Amino acid sequence: MKKLLKFLLGFLLLLVIGGAIAWFGFLKPEPPPISPEDRAAIHLMPLPASLSLNGGKIILNAAFNISFSNISSPRLEKAVDRFKERLESQGLIYLDSIGFDQKLIIDCKQSTTVYPKGDEDESYSLNLKGNNIHLSAPTELGVLHGLETILQLADNQGKKSFFPTCEITDSPRYPWRGLMIDACRHWIPKEVILRNIDGMAAVKMNVLHWHLSEYQGFRVESKVFPKLHEMGSEGHYYTQEEIKEVVDYAAERGIRVIPEFDLPGHATSWFVGYPELASAPGPYELANSFGVLLPLLDPTREDVYDFLDKFFGEMATLFPDPYIHIGGDEINPTHWNENPDIQQFIEENELEDHHGLQAYFNRRLKEILTKHGKKMMGWDEILHPDLPKEDITVQSWRSQESLWEAARGGNKAVLSTGYYLDHQLSAASHYQVDPTVIPNAVNIEIDSSNWKSWRCVMEFQETEFESDLYLFGEGENLRGIITSPLNTAAFENAKIEGSKLSFKSQASVGELTYNVEMIGDSLAGEISIAVFSIQLKGKRNGGSDMAEGIDLPEFAKIEPLTPEQETNLLGGEACIWSEMVNGHTIDSRIWPRIGAIAERLWSPGELANDNDDMYRRLMWLDEYILTRGIQHLDAPREIISDMVPESYVSPLTTLVDVLQESKVFGRMSIYQPLMYTTSPLNRVVDAARPESYVVYRFGQAVDEYLANPDDEKKSQLIQQLNQWAINHQKLLPAFETVERLQEVKSHSENLSRLANLGLEALNGKVLLSAEEKSQIFQKSDLPSGGTFLAVSPHIQKLIE
């Protein structure tokens, strides 16, 4: 018995030892590259790849000295000068080179080409210890990033400025971290471009994609074809000297500049001066409205390619980056279809349709760009079986499926789906978009023994799109697939209550909510996205219970990319199209939300996973980015000040602070009959921000109070609600005299009404019935003036 017990104890000990070895050696999870405690103590954006705080501080003094232990260069010397100036602009001490009590030692291993190419090593490491800061990097670009991190680490404590002692090892997740600025639909002056380059550098973005030709304007001086800018710009264009200034300014900050000349569509501005390039007879005028218009380049004539050869030869000398972007998106083939010569060309060259003709054009254009030492980039419409793989990068804007399609096929690919800043989506929605994850992938289980299908039509503003709806299973396991022209989305948690079906799916423009009624074999209802409603109608056409219906299509789950295919994913680009912004308001639509995208593209995926922490640092960035000259807070204040007399500025600001611009293109509905390039951008919607951090903080306060009520939290809520409750009365005279305010009067009334209800709720005295409250809530949720009352759901939550 003792032997058996001894054996069992020995065996148990072996199991414990073996388990410990397995746990610590193999199974124990790796600690995060930044601990939760260290993460909460910093406000860096983007987060570095790894960081460890040591608990100490380097108190700055005037004897702080900066030196190079290896190579230096003009770029690095200028970067150090900016570093000194920015420490001062952040309210820190002035630095000079007297004394050696404290040191910033920069160890750069090798110089970098004057103009970055995108293949450089951007890594760096920092060691802040004792009185010294050691910055080490393989290239100049790493040094630039390291200096930006040091600036973000700097802080004040009382009258003292300091850096926390820490160790950082950092490198980007993706080599392509871009911002696309459309300078065509509304003119964006050079000074605006320059200050946004400084902002990009602060958050480690490294590609400026400059959209320079459109229906509404051609924005670059051409000395070879001067009528391009003379007749196609209304006097708003960048001279070649200004182009060189921007390119050099960006290069000094480690940022590439990639021009886009959109062809063969979006090309009206080319034809104003050179109508012979077009597919239909002129004359042409610059467009003053927005949308997908008809003018197209004629890709069948050799003289067009001679023109493009000379033009791109000239542009190749202005823009040193390896890439030129050729657009290629949104082709309306009407003018091609109506031109008999073009139709004959398609037939003679055995091109299947206008897609084949565009592919032919792209191949010819690639040859021209290759001749001038450039690689081609285009929007995802350029994808075609005949498209060469080498030296062509695809920018995906319609869906992430096209991103993966390009990567699988061997093309390099850049993601913009989900990164459209002009859609006015939240930073959190941008933050969740990852190049390696397709949220709309068909990843549900397909049940071929229990399914139903409907052939559907989506109708929006007199335009119809065909669609298909498939449902699988039943009860709590009801799930399905909805197709549309843009993508195929799977969804779960669908509900049928009586004859009503409801479900939600995700798209690049946000969450789509479906509410339809099923009557017999028909269904009818609507799809809601932001303030839009899309009508949906359908007819049963198949199912496991229909003997003569259609066969169930083969829905293959989207397989993940292989490691080799993932290397074709270069990164992503935020986009700001300028239908609804100009040089005055554009900063407020870019900043600070772009910080969330910058972090998604720079930081390891395992770190970009905490929305609350992201918002904590994003709201810090909202103030910090002012040191780079970004004017995102100035434009709203100036619009408000220009709109009302001084006595109403404060209450109007209070109202605007809790409004947000309607998502996607919701504001377009306030312009009658249309929004034009000449429409003033000086209304309340232009002062409202895409995301209100006043609202975000109030929402946090409500959640904290409801989770753990106490008198201090209650007092803070009452103070804020009191301000909102009396705000409408303060603004009332302004509504009588300022016409532009009329479109948000209902928001002002609803804010005060909700705030009073919130105060009653906190005091336990709500006297309204559930129906009366519901009516108030419904009114408060309605959009007006291109905006919505963003604080409404949080006050409703408090009341309920």
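**Cavity notes**

I sorted the lining of the largest cavity by class first: 8 residues are nonpolar, 2 are polar and 4 are charged. My classes put Ala, Val, Leu, Ile, Met, Phe, Trp, Tyr, Cys and Pro under nonpolar, Asp, Glu, Lys and Arg under charged, and the others, Gly among them, under polar.

I note that this is a predicted model, where local features need pLDDT of at least 70, side-chain atom pairs count only at pLDDT 80 or more, and totals for chains, interfaces and linings use all residues. Residues are numbered from 1 along each chain as its sequence is written, and side-chain values use heavy atoms, with hydrogens and water left out.

I found 4 cavities of 30 Å³ or more. A cavity here is a set of points, on a 1 Å grid over the protein atoms alone, where a 1.4 Å probe fits but cannot get out; lining residues have an atom within 4 Å of a point. Points are joined across faces, edges and corners, and volume is the space filled by probe spheres set on them.

The largest cavity comes to about 140 Å³. Of its 14 lining residues, Arg-82, Leu-144, Leu-147, Glu-148 and Ala-201 are the closest to the centre. Helices H3 (74–89) and H4 (140–153) are the elements that each give two or more residues, and H4 has the largest share, with 5. Helices (H or I, at least four residues) and strands (E, at least two) are DSSP runs, numbered from the N terminus.

I then turned to the second largest cavity, at about 50 Å³. Its lining includes Tyr-115, Pro-116, Arg-256 and Asp-321. Helix H7 (240–252) and strand E10 (256–260) each contribute two or more residues. By class I noted 7 nonpolar, no polar and 2 charged residues.

Technical notes. 1 Å grid on protein atoms, 1.4 Å probe; cavity = no way out; pocket = protein on both sides within 12 Å on 5 of 7 lines; lining within 4 Å.
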